[in-house]
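Let's take a walk through a protein model together. Keep the picture open while you read, and look up each residue as it comes along.

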Amino acid sequence: MQSSHRECSGFNPALRSVLPLPVHQNHLILLLAAAMATALDSSHNLASERSSIESTYELTKYLEYQLKEIKDVYLTYLGPPFNEKDFSPPRPNSTALSLPSAATRLELWHGLENQARLAQNQKAYSVLLAAVRELARSTLCPSLKTSLLHFCTGLDGLLGSISALMTTLGYALPPSSANTGSDGPTMNDFARKVEGFWILRELQSWLWRSAKDFNRLKRRLRG
């Protein structure tokens, strides 16, 4: 996303009514502190498993809520046709989207072992975190950039929380994903906007699915 993107206070007046975004920084700090506390608990008993799943679930729901606000503002920032309700461009085959798709049918997804699902979650968020950092880097609107970077802090915390949860449940951690960065063929401005559109859509789908996964894990431990 280059200089042709609209600055929030300049070419796109619609953004003035929705920016700046609420940062909710204190809430995020509390959630990250809870996730860190469970990560440091090496007891590996039922109580620590429940606590780890609960803190990971709460952080996921917080990020899901935050993304709804950020996505609306970001699509307004991109302008037409991206902020039109029924606009849905084809998903690009780009490096930033080289992640497990959240579109896997639910019956197939639920058929996977918990360890496999958690590993897929971790891989997806590793790729998406690098992609959202690139969106923030290339965003011209200062308040939107701040919100995206704040979101990245939470997403990084979620990655750590998933790793801690896997360790607590006795699962081996998957190998670290390579940083996708912004490598790949040069794209024109419209293609970059389509990529940004899909990064946020995939992220929204993954957060929704992850929250369902962690809720199912919580129910399993109650049984």
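## What is hidden and what shows

Of the chain's 223 residues, 46% count as buried, where buried means under 20% relative accessible area, exposed means over 50%, and partly exposed is in between (1.4 Å probe, protein chains only). The accessible surface of the chain comes to about 11100 Å², and 54% of that belongs to carbon and sulfur atoms. Such areas come from the Shrake-Rupley method with a 1.4 Å probe, and for residues only the protein chains shown count as cover.

A word on where this comes from: the model is predicted, so local features need pLDDT of at least 70 and side-chain atom pairs count only at pLDDT 80 or more, while totals for chains, interfaces and linings use all residues. Residues are numbered from 1 along each chain as its sequence is written, and side-chain values use heavy atoms, with hydrogens and water left out.

## Helices from end to end

What kinds of elements does the chain have, helices or strands? There are 6 helices and 0 strands, so reading from the N terminus you get α-α-α-α-α-α; helices (H or I, at least four residues) and strands (E, at least two) are DSSP runs, numbered from the N terminus.

Now for contacts, which means heavy atoms within 4.5 Å. Take the contacts between residues at least 6 apart in sequence: 86% of them join residues at least 24 apart.

## Two helices side by side

Two packed helices are described by the angle between their axes and the distance between the axes.

The crossing of α4 past α5 is left-handed. A crossing gets that name if the near helix is turned anticlockwise from the far one by less than a right angle, and is right-handed if clockwise.

Find Tyr125 in helix α4. With 0% relative accessibility, Tyr125 counts as buried. Leaving out residues up to four places away in sequence, Tyr125 touches several others, including Leu155, Leu158, Trp206 and Ser210. The C-alpha atoms of Tyr125 and Asp156 are 8.3 Å apart, although 31 residues separate them along the chain.

Over in helix α5 sits Ser147, which is buried with a relative accessible area of 5%. Ser147 and Ala136 are 11 residues apart in sequence, and 8.4 Å apart in space from C-alpha to C-alpha. Ala164 is in helix α5 too, and is buried at 12%.

## Charged partners

Side chains of opposite charge can pair when their charged atoms come close. How many salt bridges does the structure hold? It holds 6, a salt bridge being a side-chain nitrogen of Lys or Arg within 4 Å of a carboxyl oxygen of Asp or Glu. One of them pairs Asp213 with Arg117, with the closest N and O atoms 3.7 Å apart. Asp213 lies in helix α6 (residues 189-222) and Arg117 in helix α4 (residues 114-138), so this pair ties together parts that are 96 residues apart in sequence. Asp213 is buried at 5% relative accessibility, and Arg117 is buried at 6%.

Other bridges stay within one helix. Arg137 and Glu134 meet at 2.7 Å, N to O, and being 3 residues apart in helix α4, they are separated by about one helical turn. Arg137 is exposed at 54%, whereas Glu134 is buried at 18%. Lys193 pairs with Asp189 at 3.6 Å between the closest N and O atoms, and these two are 4 residues apart in helix α6, again about one helical turn. Here Lys193 is buried at 10%, while Asp189 is partly exposed at 24%.

## A peptide bond to look up

Most residues other than glycine have a negative phi, and most peptide bonds are trans. Pro80 and Pro81, however, are joined by a cis peptide bond, with omega about 0 degrees. You'll find Pro81 in the loop between α2 (46-78) and α3 (106-110).
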